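Here is a short report on a protein model. Look over the chain first, then read on.

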Amino acid sequence: RIGQMQTGSTGGNINLDILNSTPTVAFGAINPGTTSFNANALIQSTTGALNAGGFSGAFTTNAGDGIGFIAATTLIIPGEGLSLPGINLLLKGTTDVVDDMLPLILPVNNDFDDRTLFIDAGALSLQSGGAGGDTTLNTTITSLTADITTASSGLIVNETDAITLTNIDTNDGSIDINANGDITVVDMDTAASAADSTDTVSLDTGGLSGTIIDGGDAAGNGITAQDIELIAFAGIANGVGVDGRLEIDATNLAATTVSGAIDIEDTTGGVTVKSVGLTSGVSLSGVTSTDDNIDLRATGGSLVLEKNITNSQGGDFTLIATGTNSDVVIGNLSGASFVITDAIAATTSTITIEADNSVIIGDSSGISEFASGGVVNIDVTANKNNTAAGGGVIDMANCTAGTCGFIVSLKGQISLSTDGSNGGDITLALLYAENSTAADAITITSNGAVIDGSDDLLIPGGENIFAPVGGVVIDATTGVGSAAHGNATTTA
């Protein structure tokens, strides 16, 4: 029986190794620190499993103290959970961390399985083998560090308010974080293998508040996973945090927010915008009077749209692919597009697309601007930083049948350019500047040729360039038109 254990100074930690059965511990018997300082109490079993339930009510603590439970095999916590508000808590089970599922009748916290853990603490560190599968944490904590080591075992966190994700690691297991407020991301990594499409990181701030914030990982990306799903209420990165842009390394991305900007950069190998979980594409869905922006970037790879990017608030779009052979691909033969459908903002917005290599627009894909309350200008630049001969092109006719690529603006101007002396051809399908009265409503600058790449009949006469009340300016180094489709046709 343990009657009293107390330290007398900062750093005077209590370390207790349980060699056999858990001893009886008097209520409040273990006190790692007085109100004037903080210290830690570490309870461990170096030979096997440890049942932390025997220590319920055993601690006298102050906010900022640390309590740790470590098991050489399996750590077992009480079925009702651990309630240590304000305490820094360590839970470590080399094989697994589970609860005892007691009581079995009318279980506290609806605990019907041993893989759902209820934790009320300050900062939580979970280190688990996860041998039994996914671990679910129902928490009221400030921050989380977690490491699940068994292959394919995942982590699910349901947090009552905001949370900081300090360092979350799995071994090809998915991570699902549901909060009721801000989610600050420092470092998350599923160690996803290239061939494994099941590794997903999903973050959801809840329906009424919350921003996904870049917490700044000095060593690299905030999130590394095969698939990433981001759901926020008040923005993703949103210019907030250490870098102002959430840095990721993913194969596939889907993101949505009601308000606030979306600022995301994939730093390795490129990323594809598609459906992940229940989220499709990238969207800013709220209808408000603000002009929030969407900024997506890929460094060292291509940025590919297989699902729509939509903005209902009239802010700017920016898509940038940086690096050798890095393309911006809209559609990829899948019918994806940018869509601005703002009916409120009376400002001027810009869609900016830049690729160090090429900009490619596929079947039934393109840019549709229906901002009845404002003006949206569309600027597309290929070969942005490419010094190689025969550099990047703009190809709107990357199509197999039916409708090829399109760029449509109700009121704004459209500009296409293959930048630099080594820029390639611009192959047209449909450019449509319906109401711009500017003398340069549509401007095409090619360091190669401007080619009619489609017999598209979306508009009467099958024109490639349609500017009925404005002007068209074309500057092509090596010619305009093509043998396959005749001259590029224009209404201006």
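Where does S152 lie? S152 sits in the loop between β14 and β15. Strands are DSSP runs of E of at least two residues, numbered from the N terminus.

The model is predicted: local features need pLDDT of at least 70, side-chain atom pairs count only at pLDDT 80 or more, and totals for chains, interfaces and linings use all residues. Residues are numbered from 1 along each chain as its sequence is written, and side-chain values use heavy atoms, with hydrogens and water left out.

**Loop residues**

S152 has a positive phi, near 75 degrees, and is not a glycine. S153 belongs to the loop between β14 (143-151) and β15 (155-159). S153 counts as buried because its relative accessibility is 4%; buried means under 20% relative accessible area (1.4 Å probe, protein chains only). Contact means heavy atoms within 4.5 Å. Beyond residues up to four places away in sequence, S153 touches G130, G133, D134, I148, T170 and G173. A polar atom of the S153 side chain lies 2.7 Å from the backbone oxygen of G130.

D172 is in the loop between β16 (163-171) and β17 (175-178). Its phi is also positive, near 65 degrees, in a residue other than glycine. D172 counts as buried because its relative accessibility is 18%.

| Residue | Phi |
|---|---|
| S152 | near 75 degrees |
| D172 | near 65 degrees |

**A buried aspartate**

D327 lies in the loop between β35 (317-322) and β36 (328-330). D327 is buried but has no salt bridge. A salt bridge is a side-chain nitrogen of Lys or Arg within 4 Å of a carboxyl oxygen of Asp or Glu. The nearest side chain of opposite charge is K384, 15 Å away. Here Lys and Arg count as positive and Asp and Glu as negative; His and the chain ends are not counted.

**Nonpolar cores**

A nonpolar core is a set of buried Ala, Val, Leu, Ile, Met, Phe, Trp, Tyr and Cys residues joined through side-chain atoms within 4.5 Å. The largest has 106 residues, and F69, L144, L203 and L230 touch the most other members. Strand β41 (residues 375-382) gives the most to this core, with four residues. Apart from this core lies another, of five residues, including F406, V408, Y432 and F466.

Conventions:
Buried < 20%, exposed > 50% of the residue type's maximum accessible area, 1.4 Å probe, protein only. Polar contact = N/O pair within 3.5 Å; in protein donor to acceptor, adjacent residues only side chain to side chain.
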